[in-house]
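Subject: Model for you, with notes on side-chain contacts

Hello,

Here is the structure I promised to pass on. My notes on its side-chain contacts follow below.

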Amino acid sequence: MPDLQTTVPDGPTRAAVLRLAASVEREDGAPPLSDQAVASLASPAVAHVVAHAGGEVVGYAQRDGDAAEVVATRAALPGVLDAVARPGLLVWSHGQRSRLVPVLRERGVEPVRELFQLRRPLSDLPADPPLAEGVTIRSFAPGRDDAAWLAVNAAAFADHPEQGRWTQSDLAARMAEPWFDPAGFLLAERAGELLGFHWTKVHPDGLGEVYVLGVAPSAQGLGLGNALLVRGMRHLAGVGCPTVLLYVDGDNPGAVRLYEKAGFRRFDLDVQWRFA
């Protein structure tokens with residue numbers, strides 16, 4: 001049984017958790033922790049459980065309200081899950097090969113949400129769709145655009161359980177990441193009003209990502225979603241990404257159709273599970 005600690009991880013412990021996550025990713029084929037979980041590794045606003053055995057970090061769980069993420073060696077996984085399990089808890093498994101899937105199924109935990117990972121090559125992009133009259137696109141300016149972006153993000157994702165809750169701290173944590181590049185964070189505006197955005201990401205292996213794509217409710221019907229999507233993908237192609245991925249909720253058929261029409265195909269699956 002591993003030794004469990006529930007304090008905020010210090011620097012060396014956070015580094016050990018990230019090394020563990022990288023090891024699990026190599027074995028399971030997908031990152032076991034979301035960007036939100038990684039960004040919150042040092043946050044006192046979430047609950048942390050760190051499992052040690054033989055002087056090594058062998059497991060980590062993070063609980064934010066009623067949602068949790070877990071990474072662990074196969075041997076430590078049951079004990080780490082036990083440390084955070086409670087009725088109603090939601091836990092993510094990332095990727096179809098996630099070691100969490102068989103363990104959760106054995107315990108009778110029910111899947112309640114699916115998040116599709118879609119991918120497409122960047123070698124055959126269509127021409128940039130035309131923009132509505134008066135609409136221009138530029139790059140995000142850190143510090144200057146933060147408040148306006150947070151407001152549009154909250155409005156665009158008002159019904160989304162994670163994205164719509166972003167705060168300035170969440171934004172600052174992403175901007176502090178080594179992958180952050182404002183040149184790939186595209187904003188659509190008209191007469192100084194922010195209407196939509198496409199935030200792209202380049203992974204260490206060169207894979208591109210549609211990190212967040214959103215349109216203000218007041219700008220629906222202007223064709224901005226597709227216009228921003230194509231321009232963001234063109235940026236990723238321009239910096240050398242051969243392929244782009246994105247995540248979309250399985251219960252959002254409109255978004256799935258938009259992306260499939262744009263050439264994306266299903267590649268992997270994340271699942272959220274609820275403890276009874």
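**Charges over rings**

Arg 119 lies over the face of Phe 267, 3.7 Å from the ring centre. The rule here takes NZ of Lys or CZ of Arg within 6 Å of the ring centre and within 35 degrees of the ring normal. Arg 266 has its charged end over the ring of Phe 116, at 4.2 Å from the centre.

A word on the basis. This is a predicted model, in which local features need pLDDT of at least 70 and side-chain atom pairs count only at pLDDT 80 or more, while totals for chains, interfaces and linings use all residues. Residues are numbered from 1 along each chain as its sequence is written, and side-chain values use heavy atoms, with hydrogens and water left out.

**Aromatic pairs**

How many aromatic pairs does a search of the whole structure find? The search gives twelve. Rings of Phe, Tyr and Trp (its six-membered ring) pair if their centres lie within 6.5 Å; planes under 30 degrees apart count as stacked, over 60 as edge-to-face and the rest as tilted.

Take Trp 149 and Phe 185. Their ring centres are 5.7 Å apart and their planes stand at 90°, so this pair is edge-to-face. The pair links distant parts of the chain, 36 residues apart: Trp 149 is in helix 5 (residues 146-156) and Phe 185 in strand 8 (residues 185-190). Helices (H or I, at least four residues) and strands (E, at least two) are DSSP runs, numbered from the N terminus. Trp 149 and Phe 185 are both buried. Buried means under 20% relative accessible area, exposed over 50%, partly exposed in between (1.4 Å probe, protein chains only).

Next, Trp 179 and Trp 199. The centres of these rings are 6.1 Å apart with planes at 45°, so the pair is tilted. This pair also links distant parts of the chain, 20 residues apart. Trp 179 is in the loop between helix 6 (168-175) and strand 8, and Trp 199 is in strand 9 (residues 193-202). Trp 179 counts as buried at 16% relative accessibility. Trp 199 is buried too, at 0%.

Ring pairs also build a cluster: Phe 140, Trp 149, Trp 166, Trp 179, Phe 180, Phe 185, Phe 197, Trp 199 and Tyr 211.

**Salt bridges**

The count is 15 salt bridges. Each is a side-chain nitrogen of Lys or Arg within 4 Å of a carboxyl oxygen of Asp or Glu.

Asp 28 pairs with Arg 99, with the closest N and O atoms 2.9 Å apart. Asp 28 is in helix 1 (residues 11-28), and Arg 99 is in the loop between strand 5 (90-94) and helix 4 (100-106), 71 residues apart. Are these two residues buried or exposed? Asp 28 and Arg 99 are both buried.

Lys 201 bridges to Asp 35 at 2.8 Å between the closest N and O atoms. Lys 201 is in strand 9 and Asp 35 in helix 2 (residues 35-39), 166 residues apart. Lys 201 counts as buried at 7% relative accessibility, whereas Asp 35 is partly exposed at 28%.

Arg 107 and Asp 82 form a salt bridge as well (2.8 Å, N to O). Arg 107 is in the loop between helix 4 and strand 6 (110-121); Asp 82 is in helix 3 (residues 77-84), 25 residues apart. Arg 107 is partly exposed at 34%, and Asp 82 is partly exposed at 48%.

Finally, shared partners join Glu 27, Asp 28, Arg 74 and Arg 99 into one network of salt bridges.

Best wishes
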